[in-house]
Amino acid sequence: MSWLWAIIVGFVLGLIAKAIIPGKQQIPLWLTTVFGIIGSVLGNSVATWIGVEDTKGIDWTRHLLQLAGAVLVVFLGDMAWNAIRGNRQRA
């Protein structure tokens with residue numbers, strides 16, 4: 001069941017990240033979900049590193065770090081996707 005939640009959270013975070021980043025991202029929806037999952041894991045790692053991974057109530061700091069990680073990964077992933085896709089079209 002945890003994999004299902006990871007996919008759902010990754011999907012939602014990826015879509016929110018795409019909405020936050022200015023301009024149009026060319027990555028497909030499945031890759032948005034994968035990047036959202038990676039960003040969520042990155043945000044959880046940072047939350048653990050700074051000691052805010054488990055608080056009483058809603059973990060707002062952890063959720064914001066997950067979103068920030070998703071924004072970063074979607075942004076970098078979109079740049080990489082466009083670079084790879086652009087090279088394939090020229091070949």
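Buried residues (under 20% relative accessible area, with over 50% called exposed and partly exposed in between; 1.4 Å probe, protein chains only) make up 30% of the 91 residues in the protein. The model is a predicted one, so local features are reported at pLDDT of at least 70 and side-chain atom pairs at pLDDT 80 or more, while totals for chains, interfaces and linings take in all residues. Residues are numbered from 1 along each chain as its sequence is written, and side-chain values rest on heavy atoms, with hydrogens and water left out.

As for the overall build, the secondary structure comes to three helices and zero strands, where helices (H or I, at least four residues) and strands (E, at least two) are DSSP runs numbered from the N terminus. The order from the N terminus on is simply α-α-α. Taken along the principal axes, the C-alpha atoms fill a box of roughly 55 × 25 × 20 Å. Contacts (heavy atoms within 4.5 Å) were also sorted by sequence separation: of those between residues at least 6 apart, 64% join residues at least 24 apart. The accessible surface (Shrake-Rupley method, 1.4 Å probe, with only the protein chains shown counting as cover for residues) comes to about 6,200 Å², and 71% of that belongs to carbon and sulfur atoms.

Helix α1 covers residues 2-20, and Leu13 sits in it. With a relative accessible area of 11%, Leu13 is buried. Neighbours within four places in sequence aside, Leu13 is in contact with Gly36, Ser40, Gln66, Leu67 and Ala70. Between Leu13 and Glu53, 40 residues apart along the chain, the C-alpha separation is 18 Å.

Helix α2 takes up residues 29-50, and its length checks out: at 1.5 Å a residue, the 22 residues should span 32 Å, and the end C-alpha atoms are 31 Å apart, which agrees. The expected span here is 1.5 Å times one less than the number of residues. Leu29 touches Phe11 and Leu15, not counting residues up to four places away in sequence. From Leu29 to Gly14, 15 residues away in sequence, the C-alpha distance is 8.7 Å. After α2 comes Gly51, with a positive phi near 90°.

Helix α3 spans residues 60-90. Leu65 belongs to α3 and is partly exposed, with a relative accessible area of 22%. Residues up to four places away not counted, Leu65 touches Gly43, Val46, Ala47, Ile50 and Val52. Phe75 and Ser40 are 35 residues apart along the chain, and their C-alpha atoms are separated by 14 Å.

Now for the charges. Lys and Arg count as positive and Asp and Glu as negative, with His and the chain ends not counted. Each charge is placed at NZ of Lys, CZ of Arg, CG of Asp or CD of Glu. On that basis, the mean positions of the 7 positive and 4 negative charges are 18 Å apart. Side chains of opposite charge can pair when their charged atoms come close. The structure holds one salt bridge, meaning a side-chain nitrogen of Lys or Arg within 4 Å of a carboxyl oxygen of Asp or Glu. Arg62 and Asp59 form a salt bridge, with their closest N and O atoms 3.1 Å apart. Both Arg62 and Asp59 are buried.

Asp78, in helix α3, is another story: Asp78 is buried yet has no salt bridge. The nearest side chain of opposite charge belongs to Arg85, 6.7 Å away. Setting aside neighbours within four places in sequence, Asp78 is in contact with Gln25, Gln26, Ile27 and Phe35.
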